[in-house]
2 protein chains.
Amino acid sequence: MSGTNPRREAVLGGPAIILIEPQLGENIGTCARAMLNCGLTDLRLVRPRDGWPNGSATASASGADLVLDNAKLFDTTEEAIADLAHVFATTARNRGMIKRIMTPKEAAVEMRAQSVAGLTTGILFGPERTGLFNDDLALADTSLTVPLNPAFSSLNLAQAVLLIGYEWYQTADATPGRYLHTGATRPATKDELVNLFGHLEAELEQCGFFSSPEKKPSMIRAIRNCFQRMDLTEQEVRTFHGIVSGLVGRRKPTPKE
Amino acid sequence: MSGTNPRREAVLGGPAIILIEPQLGENIGTCARAMLNCGLTDLRLVRPRDGWPNGSATASASGADLVLDNAKLFDTTEEAIADLAHVFATTARNRGMIKRIMTPKEAAVEMRAQSVAGLTTGILFGPERTGLFNDDLALADTSLTVPLNPAFSSLNLAQAVLLIGYEWYQTADATPGRYLHTGATRPATKDELVNLFGHLEAELEQCGFFSSPEKKPSMIRAIRNCFQRMDLTEQEVRTFHGIVSGLVGRRKPTPKE
């Protein structure tokens, strides 16, 4: 879902994703895909179990090759984080460490603030089976915990990368929360809408729909409110003129045409 | 990452996830897992290609069996959505339809509002290869589009379910954005902290660290500010008393002990 929009530029850069001793190439590939979904391109691998490059990573990256091609390889976590200003660690359990914990949403705001200040941040992910080593955790400023169903909260590597990357992406995204896609047409003007009301109500009057005169005003208001909620376009107003005329059974030109 | 927290109850229920003609059992399984991660349990399948139940769905659900066991099977989308009050559709392209479009974040607020009002909502997902059919799209109130890297925004089924479910879960989650995990100990009181300042500064005075008397007050403030940012616990204050004493080279009891 949510396909390619060629009108907008790709948004790239952002925090480094650092995978410590990833076991499966497939997981490195799906992480790369999730990264690119979120405009993240700085992938760092510390001692990947099956070496690097890895064919199954490419096979599962669904075309996120630019992330894999630019991946950097390190022997130690210390080297992988050397240039970073702030390091986040993803952990399943806190293991008794005394550490700041953030949600991905809060952390994303912090990462964006650092990015705006010209600083690079990174997020550590441990091996699939064990999660991060305690010594790697102690190299991080802050732990990240994703609020999820406490009875079933385990995520695979790519899902964790996706949720954290998603929050990063949202901090700089300007998509309106809701809008009406009107395509080639435009929202109807109020004049066009009121004209439709007039057409409909005249025909309803004509066919005896308003059985009681005293209820007529409130029925009209109720019907008008239904149409208000439709957010009709100019073209759709024409369609409804045609519907009314069609139902009346005599093809007459719509008003103003 | 983000492990099981036995102290909190599972949060279940929420909007229905409706998969129209899903092709791969594996994808149904990974969707079930993503659903349960987000406390969603109402899975509805319309004409799954390989029939139902499906062994590969179970194999890839990583234990989200309760979702698969309760999945409902339908012949038509109309039947699958019959009891719902509001239907969202996930689509790659808008295909010229005139329709309200929301982000998952905005839609989650709407779903939560409907849920609080006792109404059930649902989200349609089309077949992996083609996405939703136009006629199914026309059965939905609202389209959903996930803001992601426009140059690489395609998500697999489970990733799309996870992002939408994640936003649903966040609308009722009370996890603080950031907090300090202090485990069995507690944050230090200001009295304990000021006492540590006194110990450290007395020793620094003693060893001649403050070379210029006029700079001493600002140096003390700078050092105190470093310690302020540590958010030390009571236990860690003791540790720093020990560090100072250790560096001074004579084991003397820390003040107030």
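Guide: First, the term. A salt bridge here is a side-chain nitrogen of Lys or Arg within 4 Å of a carboxyl oxygen of Asp or Glu. Note that the model is predicted.

Start with the pair between Glu106(B) and Arg178(A). Their side chains form a salt bridge, 2.9 Å from N to O. That pair crosses between chains: Glu106(B) lies in helix α5 (residues 104-116) of chain B, and Arg178(A) in strand β8 (residues 178-181) of chain A. Glu106(B) is partly exposed, at 27% relative accessibility. Arg178(A) is partly exposed too, at 41%.

Now to chain A. Arg44(A) forms a salt bridge with Asp83(A), and the closest N and O atoms are 2.7 Å apart. This pair links distant parts of the chain, 39 residues apart. Arg44(A) is in strand β2 (residues 43-46), while Asp83(A) is in the loop between α4 (77-80) and β4 (86-90). Arg44(A) has a relative accessible area of 4%. Buried means under 20%, so Arg44(A) counts as buried.

Asp42(A), Arg44(A), Lys72(A) and Asp83(A) are linked in a network of salt bridges.

One further pair in chain A: the side chains of Arg186(A) and Glu192(A) meet in a salt bridge, at 2.8 Å from N to O. Arg186(A) is partly exposed, with 38% relative accessibility.

As for the total, the structure holds 24 salt bridges over all chains. Side chains of opposite charge can pair when their charged atoms come close.

Note on methods. Residues are numbered from 1 along each chain as its sequence is written. Chains are lettered from A and ligands numbered from 1 in the order in which they are written. This is a predicted model: local features need pLDDT of at least 70, side-chain atom pairs count only at pLDDT 80 or more; totals for chains, interfaces and linings use all residues. Side-chain values use heavy atoms; hydrogens and water are left out. Helices (H or I, at least four residues) and strands (E, at least two) are DSSP runs, numbered from the N terminus. Buried means under 20% relative accessible area, exposed over 50%, partly exposed in between (1.4 Å probe, protein chains only).
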